[in-house]
Amino acid sequence: MPEGKEGSPTAMNRTAVERKSDRELVVTRTFNAPAHIVFEAWSKPELFQRWWVPKSAGLSLLSCDMDARSGGAYRLVFRHPTSGEPMAFFGTYREVTPHKRLVWTNEESDQGAVTTVTFQENAGKTLVTLHELYPTQAALEEALAGSAEGLPEQFAQLDELLAGRS
Amino acid sequence: MVQYGSANYDPSFAALSDATRRGVLEQLAHADASITELAKNFHMTLTGMKKHVGVLEQVGLVITEKVGRVRTCKLGMRRLEQEAAWIERYRHLWDTRFDALDKIVEHLKDKEKADARRKRR
């Protein structure tokens, strides 16, 4: 899947995903800015909410509370046009090391992942590595299958693919 | 952090409702195996394992091939494609997010440079 190796121009701005084990997913991408800037966009709610929810997902964000300190809580509330009830996503920051590392839990259910994000700066660019550890293989697969549900164009493609198979 | 609810995505999940069958898929993801080997690994009779493999074969998650007297099991295309499709959708979600993050990061960087220039004056 990864076409360009690190350092080549194609690797820049490319998002790579690896299923590291039955329970782990790893997402990487390099950003053209120093770590303290990238970290700021992850830890300040007014910035975070501007990129976390893809426009094509059709979700509206009702509120975004983030207390990005070790032990602090976060809570995001969304509304999806097809469901009347708002959905809340919440959890706790287990570790916040400025400009280096963020670890948070997801507590909507006992199947939530622990997410670790690291920021590695090199020559003015920052490699972001997001690591999700799920409690079970089934939880990971459920999350994978549901993660892009809000992106209709991708869903249509999957439907086509599966229809061709069965 | 954010999942958009659970989907009723695939009939083959019925085949995956069984722990042994999930285990078989997991093992086949690492290497092909004969029914005899699978039966041994899962402490099961040959007949029992044949049944499980049969269910997985029916929904295209596993294919089997008989060479001589040995029936070898491997992951079916459907399983591989399904997983690849899941991963690709997930990658697309992050790619979309990160494109937006890219813009914000660029903006913050410009702002920082402008602030630094202002201070030097």
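**Confidence along chain A**

Begin by colouring chain A by pLDDT. In this predicted model, the confidence of chain A is highest in strand β6(A), residues 101-105, at a mean of 98, and lowest in helix α4(A), residues 152-165, at a mean of 44. For chain A as a whole, the mean pLDDT is 81, and 78% of the residues reach 70 or more.

Next, select residues 1-11 of chain A. The pLDDT of this stretch is below 50, and the model gives it 9 contacts beyond near neighbours in sequence. Then select residues 148-166 of chain A, where pLDDT also stays under 50; here the model has 30 contacts beyond four places in sequence.

Select the strands of chain A. In what order do the 8 strands of the open sheet stand? The order is β1-β2-β8-β7-β6-β5-β4-β3, with antiparallel pairing. In general, the strands of a sheet pair through backbone hydrogen bonds. At the edges stand β1(A) and β3(A), the latter covering residues 60-66. Each of these has a single partner strand, so one side of each is left without a neighbour in the sheet. On average, neighbouring strands are turned by 20° against each other, direction ignored.

Now select residues 24-31 of chain A, which form strand β2(A). Is this strand largely enclosed or largely open? Of its 8 residues, 6 are buried, so β2(A) is largely enclosed by the rest of the structure.

Display the two partners of β2(A) in turn:

- Strand β1(A), residues 16-21, runs antiparallel to β2(A) and is joined to it by 5 bridges. The two strands form a hairpin with 2 residues between them.
- Strand β8(A), residues 125-133, also runs antiparallel to β2(A), and 8 bridges join the pair.

Select helix α1(A), residues 35-43. This helix lies across β2, β6, β7 and β8 of chain A, and it runs at about 155° to β7(A), residues 114-122. Then select residues 77-120 of chain B, which form helix α4(B). Although α4(B) belongs to the other chain, it packs on the sheet of chain A, touching β1(A) and β2(A). The direction of α4(B) makes about 130° with that of β1(A).

**An overview of chain B**

Turn now to the whole of chain B. Its secondary structure comes to 4 helices and 3 strands, which follow the pattern α-β-α-α-β-β-α along the sequence. Chain B has 121 residues, of which 27% are buried. Among the contacts in chain B with a separation of 6 or more, 47% are between residues 24 or more positions apart.

**The sheet of chain B**

Select the three strands of chain B. They form an open sheet in the order β1-β3-β2, with antiparallel pairing. Strands β1(B), residues 33-34, and β2(B), residues 62-67, stand at the edges; each has a single partner strand, so one side of each is left without a neighbour in the sheet. Strand β3(B), residues 70-75, is joined to β1(B) by 2 bridges.

Remaining in strand β3(B), select V70(B). Is V70(B) buried or exposed? V70(B) has 11 other C-beta atoms within 10 Å; a residue counts as exposed at 12 or fewer, so V70(B) is exposed. Draw a distance from V70(B) to T36(B): their C-alpha atoms are 8.3 Å apart, although the residues are 34 apart in sequence.

**Two helices of chain B**

Finally, select helix α1(B), residues 19-30, and helix α3(B), residues 46-58. Helix α3(B) lies across β2 and β3 of chain B, at about 120° to β2(B). The axes of α1(B) and α3(B) come within 10 Å and cross at roughly 70°. The two helices are therefore roughly perpendicular to each other. On the side of α1(B), the contact is made by T20(B), R21(B), V24(B) and L25(B); on the side of α3(B), it is made by H52(B), V53(B), V55(B) and L56(B). These residues divide into 5 nonpolar, 2 polar and 1 charged.

Technical notes
Residues are numbered from 1 along each chain as its sequence is written. Chains are lettered from A and ligands numbered from 1 in the order in which they are written. This is a predicted model: local features need pLDDT of at least 70, side-chain atom pairs count only at pLDDT 80 or more; totals for chains, interfaces and linings use all residues. Axes are lines fitted to C-alpha atoms, for helices over the stretch in contact, and angles run from 0 to 180 degrees between N-to-C directions. Angles under 35 degrees count as roughly parallel, over 145 as roughly antiparallel, 65 to 115 as roughly perpendicular and the rest as oblique. Two residues are in contact if their C-beta atoms, placed from the backbone, lie within 7 Å. Ala, Val, Leu, Ile, Met, Phe, Trp, Tyr, Cys and Pro count as nonpolar, Asp, Glu, Lys and Arg as charged, and the others, Gly among them, as polar. A residue is buried if 20 or more other C-beta atoms lie within 10 Å of its own, exposed if 12 or fewer, and partly exposed in between; C-beta atoms are placed from the backbone. Two strands pair if DSSP finds at least two bridges between them. pLDDT is the predictor's confidence in each residue, from 0 to 100.
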